[in-house]
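I opened this entry to look up a few features and write each one down. The structure comes before the notes.

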Amino acid sequence: MKVCQILVLCVLLCVTSAFLFRSRVHARANGIEIESSCLAHADAGSCEFYSCFERRLPCGRNWYILKTGQYYCNKMQSERSRFSAEGQQFLDAAQRCMTQALKDTYRRDDIDCHDLEHLAFNTVRPCFIENGFCGILGEDHGELFALFNVRDLFTRGAAKIWRTVFDLALTCARETISEVASNADTVISNIIDSAA
């Protein structure tokens, strides 16, 4: 029994070693000034903002700015024409929201790349929900799912993606249930009123 426990402990230690023993990666501006054009890219929701950000505060290709932010921004732009008019409006507004949310971080002279990743992922849900994500699911669900690379769901940091996807799904389900209940209430009230 002890051999089994030691083996399990070794496996757990190996699996969690990346989490437990990884060093913190910091990006420093090293005198690179804040570019007004970069801030304008953020305000416009331009994918170029991610390149500006990375030039000033380089975390590298394995962190959020290049691996997720810029990658999915470019993918949304390249697939934009496949979406409905409402879906295109959503993509533009959500992207603008996410880049604007990172402006204050871009203005810093030093960032922890891991903390930046959490901050950036935490902007996705509110930016999606506030800009009509649930409303476009019906018509544009196929296009939305086509944006995502299944491989990304099984890489370092994938738990944040899964958490965001489930949170969005739950929020949209709640909105749908609330809307259905409200519509049912209106229909029942109209029936009662017309019968009276």
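How many salt bridges does the structure hold? I found 10 salt bridges, a salt bridge being a side-chain nitrogen of Lys or Arg within 4 Å of a carboxyl oxygen of Asp or Glu.

Ground rules, before going on. This is a predicted model, in which local features need pLDDT of at least 70 and side-chain atom pairs count only at pLDDT 80 or more, while totals for chains, interfaces and linings use all residues. Residues are numbered from 1 along each chain as its sequence is written, and side-chain values use heavy atoms, with hydrogens and water left out.

**Entry 1: the chain**

I listed the elements next. The protein chain has nine helices and two strands; helices (H or I, at least four residues) and strands (E, at least two) are DSSP runs, numbered from the N terminus. From the N terminus on, the order reads α-β-α-α-α-α-α-β-α-α-α. Of the 196 residues in the protein chain, 36% are buried. Buried means under 20% relative accessible area, exposed over 50%, and partly exposed in between, with a 1.4 Å probe and protein chains only. I also looked up contacts, meaning heavy atoms within 4.5 Å. Among contacts in the protein chain with a separation of 6 or more, 76% are between residues 24 or more positions apart.

**Entry 2: salt bridges**

I took Lys 103 and Asp 43 to begin with. Their side chains meet in a salt bridge at 2.7 Å, N to O. Lys 103 lies in helix α6 (residues 103-106) and Asp 43 in helix α2 (residues 36-44), so this pair ties together parts 60 residues apart in sequence. Lys 103 is buried, at 15% relative accessible area, whereas Asp 43 is partly exposed at 35%.

Then I looked at Asp 92, which forms a salt bridge with Arg 80, with 2.6 Å between the closest N and O atoms. Asp 92 sits in helix α5 (residues 85-101) and Arg 80 in the loop between α4 (64-79) and α5; the two are 12 residues apart, and the pair links distant parts of the chain. Both count as partly exposed: Asp 92 has a relative accessibility of 25%, and Arg 80 has 26%.

Asp 104 and Arg 107 join their side chains in a salt bridge of 3.0 Å, N to O. Here Asp 104 is exposed at 55% and Arg 107 is partly exposed at 36%. I also noted a network of salt bridges that links Arg 24, Asp 112 and Asp 115.

Is Ile 111 buried or exposed? Ile 111 is buried, with a relative accessible area of 2%. Its place is in strand β2 (residues 110-112). The C-alpha atoms of Ile 111 and Arg 28 are 6.6 Å apart, although the two residues are separated by 83 residues along the chain. Neighbours within four places aside, Ile 111 has contacts that include Val 25, His 26, Ala 27, Phe 53 and Leu 116.

I moved on to helix α7. This helix covers residues 113-130, 18 residues in total, and reaches 26 Å from its first C-alpha to its last. That is close to the expected 26 Å, the expected span being 1.5 Å times one less than the number of residues. At its start, a side-chain oxygen of Asp 112 comes within 2.8 Å of the backbone nitrogen of His 114. Among the buried residues of α7 are Leu 116, Ala 120, Phe 121, Val 124 and Phe 128. After α7 comes Gly 132, with a positive phi near 90 degrees.

Thr 171 is in helix α9 (residues 158-195) and is buried, at 8% relative accessibility. Which residues does Thr 171 contact, leaving aside its neighbours within four places in sequence? I found Arg 125, Ile 129 and Cys 134.

Most residues other than glycine have a negative phi. Asn 30 is not a glycine, yet its phi is positive, about 50 degrees. Asn 30 lies in the loop between β1 (26-28) and α2, and is exposed at 68% relative accessibility.

Note on methods. Polar contact = N/O pair within 3.5 Å; in protein donor to acceptor, adjacent residues only side chain to side chain.
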